[in-house]
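Subject: Structure handover

Hello,

The structure is below, together with its sequence. My notes on what came out of it follow.

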Amino acid sequence: MPVPILKQGDYLIASIQSALSDSEVLELRDDLADRIGRYRSQGIIIDVAALDVIDSFVARSLRNIARTASLRGAVTVIVGIQPDVAVAMVQFRLNLEPLQTALDLEEALALLDRHTRGHGRDDG
Amino acid sequence: MTDDITVPIAADADIVVARGEGRMLAGRLGFSRTDATLIATAISEIGRNILHHAGAGEVEIGRDADERRVAIVVVARDQGPGISDVQRALEEGYATGSGLGLGLPGSRRLMDEFDIDTKPGHGTTVTMRKWRDRDALEVVREARGRHD
């Protein structure tokens, strides 16, 4: 089942609904890259709350999505990392940099708003 | 043992099944939700290793126990090319296939025991265990069950 991607203003919101296989993760990456171009989106939010694990492949794919998006001028925020998944990521020593994370959708939207408003300003 | 589950690994969707089974068995064996996620993550990595390096294989998940502890045992088997330099494969950042070399060392950190049996040309078997201490009540119950 493909991950639904909603367009909300200048942002895209991908909400993962269940555990994903590796090929479904790559499909999400390609879908997002395609839509960033089509909608000229400035921000992407990926809700990973329904993911059962974030292993090295998922982490690398999320980083690749963020890098691709950033080349096209969009900022990526990951939301909903579950507490047990966070513990596993730390113990595995997985790295999500340069990804930004937020606790929930609301916080992610606020973060993107600050980011896109502050764009081009040097006073932060 | 009745708890043993074998999941054939031949496609990436099988990895999702294997880690789901691992999580469920971990729950049944009394592991915490966090431990179950650590176990599922290690199974995911090891299942992907099978797929990338051997093309196919299987993951067997079962139970082990001693006087004070219970373990979940994960055995990943393939008939692939094997690993010629195990020491290097366990080093951080050793890249083979399309991975970044995080799979084996990362999985080892998630589990309590981690063992690789491999020979070039003869496939690879990875055995991982995670243990949990039984509480006093469990020990008493089992002792009683044995004597009744």
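Predicted model: local features only at pLDDT ≥ 70, side-chain atom pairs only at ≥ 80, totals over all residues.

Chain B, sheet and overall make-up

Both strands sit in an open sheet of five strands, with antiparallel pairing and the order β1-β2-β3-β5-β4 in chain B. The edge positions go to β1 (5-9) and β4 (113-118) of chain B; each has a single partner strand, so one side of each is left without a neighbour in the sheet. From one strand to the next, the twist averages 15 degrees.

One helix, α1(B), lies across β1, β2 (57-65) and β3 of chain B, and its direction is at about 165 degrees to β1(B).

Taken as a whole, chain B has five helices and five strands, and along the sequence they come in the pattern β-α-α-β-β-α-α-β-β-α. Chain B has 148 residues, of which 36% are buried. Of the contacts in chain B with a separation of 6 or more, 62% are between residues 24 or more positions apart.

Chain B, the α2/α4 pair

The axes of α2(B) and α4(B) come within 9 Å of each other and cross at roughly 155 degrees. That angle is over 145, which makes α2(B) roughly antiparallel to α4(B). The crossing of α2(B) past α4(B) is left-handed. On the α2(B) side the residues involved are B:Leu38, B:Thr41, B:Ala42, B:Glu45, B:Ile46, B:Arg48 and B:Asn49, and they meet B:Gly103, B:Gly106, B:Ser107 and B:Leu110 of α4(B). By class, this contact of α2(B) with α4(B) has four nonpolar, five polar and two charged residues.

The interface between the chains

How many residues of chain B are in contact with chain A? The count is 22 residues of chain B, against 17 residues of chain A. On the chain B side, the elements that give two or more residues are α1 (12-28), α2 (33-53) and α4 (103-110). The most comes from α2(B), with nine residues. Sorted by class, the side of chain B that touches chain A has eight nonpolar, seven polar and seven charged residues.

One helix pair spans the two chains. α3(A) and α4(B) pack with their axes 8 Å apart, at an angle of about 120 degrees. These two helices, α3(A) and α4(B), are therefore oblique to each other, and their crossing is right-handed. A:Ala88, A:Gln91 and A:Phe92 of α3(A) make the contact with B:Gly106, B:Arg109 and B:Leu110 of α4(B). The contact of α3(A) with α4(B) has three nonpolar, two polar and one charged residues. B:Gly106 and B:Leu110 are also among the residues of α4(B) that meet α2(B).

Chain A, local points

In chain A, strands β1 (residues 5-8) and β2 (residues 11-15) run antiparallel and are joined by four bridges. One of the pairs is A:Lys7 with A:Leu12 in β2(A). β1(A) and β2(A) form a hairpin with two residues between them, and A:Gly9 in the turn has a positive phi of about 60 degrees.

- A:Arg40 has a phi of about 50 degrees. It is placed in the loop between α1 and β3 (43-47) of chain A. A:Arg40 is exposed, with 11 other C-beta atoms within 10 Å.
- A:Arg93 has a phi of about 65 degrees. Its place is the loop between α3 (83-92) and β5 (100-102) of chain A. A:Arg93 counts as exposed, because 12 C-beta neighbours lie inside 10 Å.

Lastly, is A:Leu26 exposed or partly exposed? A:Leu26 is found in helix α1 (residues 22-39) of chain A. With 15 other C-beta atoms within 10 Å, A:Leu26 is partly exposed. The C-alpha atoms of A:Leu26 and A:Ser15 are separated by 15 Å, and the two residues are eleven residues apart along the chain.

Regards

Conventions: Residues numbered from 1 in each chain as written. Chains lettered and ligands numbered in written order. Contact = placed C-beta atoms within 7 Å. Nonpolar A, V, L, I, M, F, W, Y, C, P; charged D, E, K, R; others polar. Axes fitted to C-alpha atoms, helices over the stretch in contact; angles between N-to-C directions. Parallel < 35°, antiparallel > 145°, perpendicular 65-115°, else oblique. Left-handed = near helix turned anticlockwise from the far one by under 90°. Pairing = 2+ DSSP bridges. Buried ≥ 20, exposed ≤ 12 C-beta atoms within 10 Å, placed from the backbone.
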